[in-house]
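Work through the exercises below with the structure open beside you. Try each task before you read its solution.

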Amino acid sequence: MLAEKYPDEVKKIMAKYPPEQKRSAVMPLLYLAQRQDGYISKGALEDIAQMLDITTTDVAEIVGFYTLYQDKPTGKYRMQVCTDLPCALRGADKFLEQLCGNLGIQVGETTPDGLVTIEAVMCLAGCDKAPMFQLQSAEGIAYHENMSVDKTMELIETLKKSSGEVRE
Amino acid sequence: MTTLLLRHRDIPDIGRLEVYQKNGGFEAFKKAVTTMKPQEVTDMVKASGLRGRGGAGFPTGVKWSFIPATIWPHYVVANADESEPGTFKDREIMESNPLQFLEGVAIACYAVGANAAYVYLRGEFWPVADILDEKIADMEKAGWLGEKLFGTDYSLNIYTHLGAGAYICGEETALLESIEGKRGQPRIRPPFPAVYGLYGKPTVVNNVETLTNLPLILEKGAEWYKSLGTADSAGVKIFSLSGHVNKPGNYELPFGTTYRELIYTYGGGVTDDRPVKAIMSAGASSAMIVADDKALDTPMDYASVRTLGADLGSASVIVINDTVNLDWVIDKTIHFFKHESCGKCTPCREGTYWMQHLIVRICRGEEVEANTRLLRLVAKQMQNKCLCPLGEFSTMAVTTAIERFPADFEPSTSGGKHA
């Protein structure tokens, strides 16, 4: 239960909105649930619905509509490369292709050790620093800009070393 | 010229409260609350000629004056959803000059009588929201936000709200739905947000860059602001320059700077010294401009860009050189809009779907002539029929690329050069 596990955060979130408009808290609460489990579990949907007096369907449609919510487990890290026009003009497509080649996976797949899922995503407002991607994990989102395939492979090595629970 | 919006480039650490205060920070807000009536603030912003920087270019003060005094409470919402491919200016403001932006939010709130404001950031700006939350807390501690400010009866709180990855939430009514905890789908208008906005109450929605102008207008006056820029486009603008240029980035320049100056003087010229083939003036939503001498020497202001059959929009300039074919370019833009279409209205949902199918066939070299004709027809039929601007935007590059660059849609050339 989110309210028991993160009482301070939940209180802070609810205080942002007028008391009669608590449905507004659905998005921040979903982020909190995702931080807890790495994805939005069915239990979290029910928990949040109950907190906000809405149906689980109301919550599920938010998860389905917005791309940053995950309804199933993914790799520990999601490496999301922007391939929109401005980035593509600076070589983002080739970058993504080579990166996937080096890792031996296709776009959308996860490395066999479960560490990194590689995805192509829409514009991230980093157009002047392409190739670029965001690294999404339970802890949050970090931008990596002006990247090369070599630099990215080094980053993945670092992530591998710092991830104790990921087996080789 | 010293910067007015990207002031962190001149004053290091302006994002820190004490540095911002030392440079006159919050004096404009204090002056407004303690010495001016809300109406006087609105009149001043009207007189300054400031127009919305999110893309539509609507006069800011006029937008505020639509808020009725008969329905309460009022809200101000800062649109920090910045998701247009090619646009990355608001992010730099919020990361590096956040207090000037937040002071602008506060001034807008006072002008329209709002006691609460929400900053709606795209979900990917999670770390930016952390910065803003920290700055808001600093402002509360220093007495710039909170109850009964400066000994008056005026109280104000600012909150951040994170989206979760949906371009459509940059459309103001979809954004309001999203804050209300619903899917981000546009509302049918009228009623407009000025009357029926957040929680059904009168709401002003302004872009981050627009709001960041306000402290300076209050400090230096409407006449000063008007003296910058051109007749119909007062002030300065941040141009986000991307694509085939040597020095992509944000450039804060007076309106009226030409494309040639932006690309060659500031942007360091075109990648590999190739000629510019096409310019997109307003990100992926833009019409495709043929980059001839006339276009390159066109001043970037609202009226002049329109003479090129395009819009200044958010001033996100994407430069395309002659190494790529435009069928590949519109494949990219169509793919974007198809992905981001919210699905609410049929012309956009079905139209973007079919445009994607057709451009894929064209890029594969299948029945290029017939499929190009059909693609243009589908795009034309979407125009003026969609519920919100997203659907219209998705067609701009398509129709203009086909009409203005016919050589790129010949059977022998299509499916050729891509980046």
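**Exercise 1.** In this predicted model, find how many bridges join strand S2 of chain B to S3(B), and which way the two strands run.

*Solution.* 
Step 1. Locate strand S2 of chain B at residues 114-121.
Step 2. Count its links to S3(B): there are six bridges, and the two strands run parallel.
Step 3. Check one pair of residues. Val119(B) faces Thr160(B), which lies in S3(B).

**Exercise 2.** Work out the strand order of the open sheet in chain B, and name its edge strands.

*Solution.* 
Step 1. Recall the general rule: strands in a sheet pair through backbone hydrogen bonds, in parallel or antiparallel fashion.
Step 2. Read across the sheet of chain B. Its four strands come in the order S3-S2-S1-S4, with parallel pairing.
Step 3. Look for strands that pair on one side only. These edge strands are S3 (157-162) and S4 (203-207) of chain B.

**Exercise 3.** Divide chain B into domains, then describe how domain 1 meets domain 2.

*Solution.* 
Step 1. Take the centres of domain 1 and domain 2 of chain B over C-alpha atoms. They are 27 Å apart.
Step 2. Count the contacts. Twelve residues of domain 1 of chain B are in contact with 16 residues of domain 2 of chain B.
Step 3. Sort the domain 1 side by class: two nonpolar, five polar and five charged residues.

**Exercise 4.** Is strand S1 of chain A mostly covered or mostly open, and which strands does it pair with?

*Solution.* 
Step 1. Check burial along S1(A), residues 77-82. Six of its six residues are buried, and the strand is mostly covered.
Step 2. Tyr77(A), Met79(A) and Val81(A) are buried on one side. Arg78(A), Gln80(A) and Cys82(A) are buried on the other.
Step 3. Find the parallel partner. Six bridges join S1(A) to S2 (116-121) of chain A. Within S2(A), Val116(A) is the bridge partner of Tyr77(A).
Step 4. Find the antiparallel partner. S1(A) pairs with S3 (133-137) of chain A over four bridges. Here Arg78(A) stands opposite Gln136(A).

**Exercise 5.** Describe the side of chain A that touches chain B: how many residues, which elements and what classes?

*Solution.* 
Step 1. Start with the parts list: chain A has eight helices and four strands.
Step 2. Count across the interface. 34 residues of chain A are in contact with 40 residues of chain B.
Step 3. Name the elements of chain A that supply at least two residues each: H3 (26-37), H5 (56-65), H6 (85-89) and strand S4 (140-144).
Step 4. Sort the chain A side by class: 21 nonpolar, seven polar and six charged.

Methods: Residues are numbered from 1 along each chain as its sequence is written. Chains are lettered from A and ligands numbered from 1 in the order in which they are written. This is a predicted model: local features need pLDDT of at least 70, side-chain atom pairs count only at pLDDT 80 or more; totals for chains, interfaces and linings use all residues. Two strands pair if DSSP finds at least two bridges between them. Domain bounds come from an automatic or database domain assignment. Two residues are in contact if their C-beta atoms, placed from the backbone, lie within 7 Å. Ala, Val, Leu, Ile, Met, Phe, Trp, Tyr, Cys and Pro count as nonpolar, Asp, Glu, Lys and Arg as charged, and the others, Gly among them, as polar. A residue is buried if 20 or more other C-beta atoms lie within 10 Å of its own, exposed if 12 or fewer, and partly exposed in between; C-beta atoms are placed from the backbone.
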